[in-house]
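Here's a quick briefing for anyone meeting this structure for the first time.

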Amino acid sequence: MKRNTLLLCAIAALMTSSCDDKTVACADLLVDVTNTASDWDASDADCAAYRDAMQAYIDSDCGYADQLDEYEAMIDTLPCP
């Protein structure tokens with residue numbers, strides 16, 4: 001999980017520049033994703049929080065379409081109820 005989180009952070013850091021006038025909002029969403037990932041202790045609530053943070057990032061259209069598709073696929077593999 002940490003490896004995926006670090007990869008996500010690295011990719012998202014590169015994508016933040018694509019947000020143009022939404023840079024601050026995108027960065028805030030990325031912080032939420034990072035925080036929920038680091039706070040995840042295998043509980044269902046933590047899984048749901050991470051899933052929701054990832055979905056908010058995807059829905060905000062901060063990244064490139066092909067990367068967002070990869071994030072959607074990753075969300076689909078989460079063990080959340």
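Helix 2 passes helix 3 in a left-handed crossing (left-handed if the near helix is turned anticlockwise from the far one by less than a right angle, right-handed if clockwise). Helices here are DSSP runs of H or I with at least four residues, numbered from the N terminus. Keep in mind that this is a predicted model, where local features need pLDDT of at least 70 and side-chain atom pairs count only at pLDDT 80 or more, while totals for chains, interfaces and linings use all residues. Residues are numbered from 1 along each chain as its sequence is written, and side-chain values use heavy atoms, with hydrogens and water left out.

**How the helices pack**

- Helix 2 and helix 3 have axes 9 Å apart and pack at an angle of about 160° (axes are lines fitted to C-alpha atoms, for helices over the stretch in contact, and angles run from 0 to 180 degrees between N-to-C directions).
- Helix 2 and helix 3 are therefore roughly antiparallel, a label for angles over 145 degrees.
- On the helix 2 side, the residues meeting helix 3 include Cys26, Leu29, Val33 and Thr36, and their partners in helix 3 include Ala49, Tyr50, Met54 and Tyr57. Contact means heavy atoms within 4.5 Å.
- Helix 3 also pairs up with helix 4: their axes come within 10 Å and cross at roughly 160°.
- That makes helix 3 roughly antiparallel to helix 4, and this crossing is left-handed.

**What's in the core**

- The largest nonpolar core has 18 residues, and Val33, Tyr50, Met54, Tyr57, Tyr71 and Leu78 touch the most other members. Such a core is a set of buried Ala, Val, Leu, Ile, Met, Phe, Trp, Tyr and Cys residues joined through side-chain atoms within 4.5 Å.
- Helix 2, helix 3 and helix 4 are the elements giving two or more residues to this core, and helix 3 gives the most, with 6 residues.

**Two disulfides**

- How many disulfides turn up in a search of the whole structure? There are 2, a disulfide being a pair of cysteine sulfur atoms within 2.5 Å.
- One joins Cys26 to Cys62, with an S to S distance of 1.9 Å. This pair links distant parts of the chain, 36 residues apart: Cys26 is in helix 2, and Cys62 is in the loop between helix 3 and helix 4.
- The torsion about the S-S bond of Cys26 and Cys62 is about -90°, so this disulfide is left-handed.
- Cys26 is buried at a relative accessible area of 1%, and Cys62 is buried at 1% (buried means under 20% relative accessible area, exposed over 50%, partly exposed in between, with a 1.4 Å probe and protein chains only).
- The other disulfide is formed by Cys47 and Cys80, whose sulfur atoms are 1.8 Å apart. Cys47 lies in helix 3 and Cys80 in the segment after helix 4, so the pair ties together parts 33 residues apart in sequence.
- For Cys47 and Cys80 the S-S torsion is about -90°, so that disulfide is left-handed; both cysteines are buried.

**Loop residues with positive phi**

- Ala42 isn't a glycine, yet its phi is positive, near 75°. Ala42 is found in the loop between helix 2 (23–39) and helix 3 (44–59), and it counts as exposed at 69% relative accessibility.
- Asp61, also not a glycine, has a positive phi of about 60°. Asp61 sits in the loop between helix 3 and helix 4 (65–76) and is exposed, at 52% relative accessibility.

Key: Parallel < 35°, antiparallel > 145°, perpendicular 65-115°, else oblique.
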